Amino acid sequence: MDSTRRTILRGLAAAPLAAAAGGLFVPSAAHAAPGGFALAMRLSPSQYHRNWSAAADTLRRRMEPADLVRDVLRQPERAGGPVGDWRDGAGKGAEPTRFDYGFSWDPDTKDPHGKLDGKTAQWYPQGISTSVDGYGGTVGGRKVVAVSWYGYENYENRGARISFIDVTGDPKRPRYQHVLLVEPSQLQGSDTATFNPVIMHAGGVAWVGNFLYVANLPGLLAPFKQGGVSAFDLARMVKVKGEDKRKAFGYDYILPLHHLYENQGGSTLRHSQLSLDRTRRNQPHSLVVSEFLEGRRGRVVRWNLSPAGYLTDGQSDENWMSESYVQGAVAVGDDAYYAANVRGRKGPEDARARAPKAG
């Protein structure tokens, strides 16, 4: 997802979708295509390191365990506000029909980098998932939305983060907190562990039980060079203190990597976005990955999930063609819906008109 809009919307009550402003919902029959896509599971950066899960446990013993509801969302520092105008640029936009709720990012509270969420050009919000995906409803009695962000250009080396938003009360004015994504690290035979910020394009997120799956494009640094999906463990979250807080760029909480799935067998699939499908009757839940490609059609690929939240075998269950400039995709039964940029179409010259501009 490559939108720069600073508003998160939840709309189109007739379909279980999270809507990105400025896109089209393009329905398509989800028919399997020949050929498959393989993902290989990885549990540690190398044979010289302990598994990421073990390293995260060591971090929790050295620092302080954190719970999403009791700690992270107990007193969130930031507050969302009204959506405001429904159109970027000049003119007024119309609120979508059957719209439920939306909010804008905090325009007044600076993040640990000194940037305002509602005005920053260095951080891009991307994927959206909720506790309904994760647990079929609430987590600890709270309705929670998770949004992934990636650092843009000179902020790329500052990692990626997740905003956990509590929408239990007034969802139009929610409270939320940022959490930094990290890779825990512990050498074999060592009794201590450290962590590093995850350098990835966090283009999509899907909440699956205690795992938060994040889509990442092929990158420059291990262990995310191949591209794929990475699982972060909500049960191993850590509160950061002392010298470690500087390494975490000032964030109060870090979310450690647990395992990842990377492209295998020469696959060139770009894991641009990610969603969870729980709609197929008598079928496993599944992760749905879509590609953002400029000027040519991308692919949408499905991998089945086991009840424990892992991919069943790493082999794709089905795949089909989408459209160009796709910013996100969800599968609902036998249909797929794409949120796509409209490129090359000009909007009306009359600023009073309600139709949106291109894109």
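This is a predicted model: local features need pLDDT of at least 70, side-chain atom pairs count only at pLDDT 80 or more; totals for chains, interfaces and linings use all residues.
**Entry 1**

I turned to Phe-211, which has 6% relative accessibility and so counts as buried. For Tyr-213 I noted a relative accessible area of 0%, so that residue is buried too.

**Entry 1: How the rings meet**

I reminded myself that a pair of aromatic rings is described by the distance of the centres and the angle of the planes. How many aromatic pairs does the count come to? I got 12. In one of them, Phe-211 and Tyr-213, the ring centres are 6.2 Å apart and the planes stand at 75°, so I wrote down edge-to-face. For Phe-292 and Tyr-325 I found centres 6.2 Å apart and planes at 65°, so this pair is edge-to-face as well; angles over 60 degrees count that way.

Where do Phe-292 and Tyr-325 lie? I found Phe-292 in the loop between strand S18 (286-290) and strand S19 (299-304). Tyr-325 is in the loop between strand S20 (318-321) and strand S21 (326-332). The pair therefore ties together parts that are 33 residues apart in sequence.

**Entry 2: A cluster, and charges over rings**

I also came across one aromatic cluster, formed by Phe-103, Trp-105, Trp-149 and Tyr-176. Last, I looked for arginines over ring faces. Arg-158 lies over the face of Tyr-155, 3.9 Å from the ring centre. Arg-161 lies over the face of Trp-123, at 4.2 Å from the ring centre.

Note on methods: Residues are numbered from 1 along each chain as its sequence is written. Side-chain values use heavy atoms; hydrogens and water are left out. Rings of Phe, Tyr and Trp (its six-membered ring) pair if their centres lie within 6.5 Å; planes under 30 degrees apart count as stacked, over 60 as edge-to-face and the rest as tilted. Buried means under 20% relative accessible area, exposed over 50%, partly exposed in between (1.4 Å probe, protein chains only). Helices (H or I, at least four residues) and strands (E, at least two) are DSSP runs, numbered from the N terminus. A charge sits over a ring if NZ of Lys or CZ of Arg is within 6 Å of the ring centre and within 35 degrees of the ring normal.
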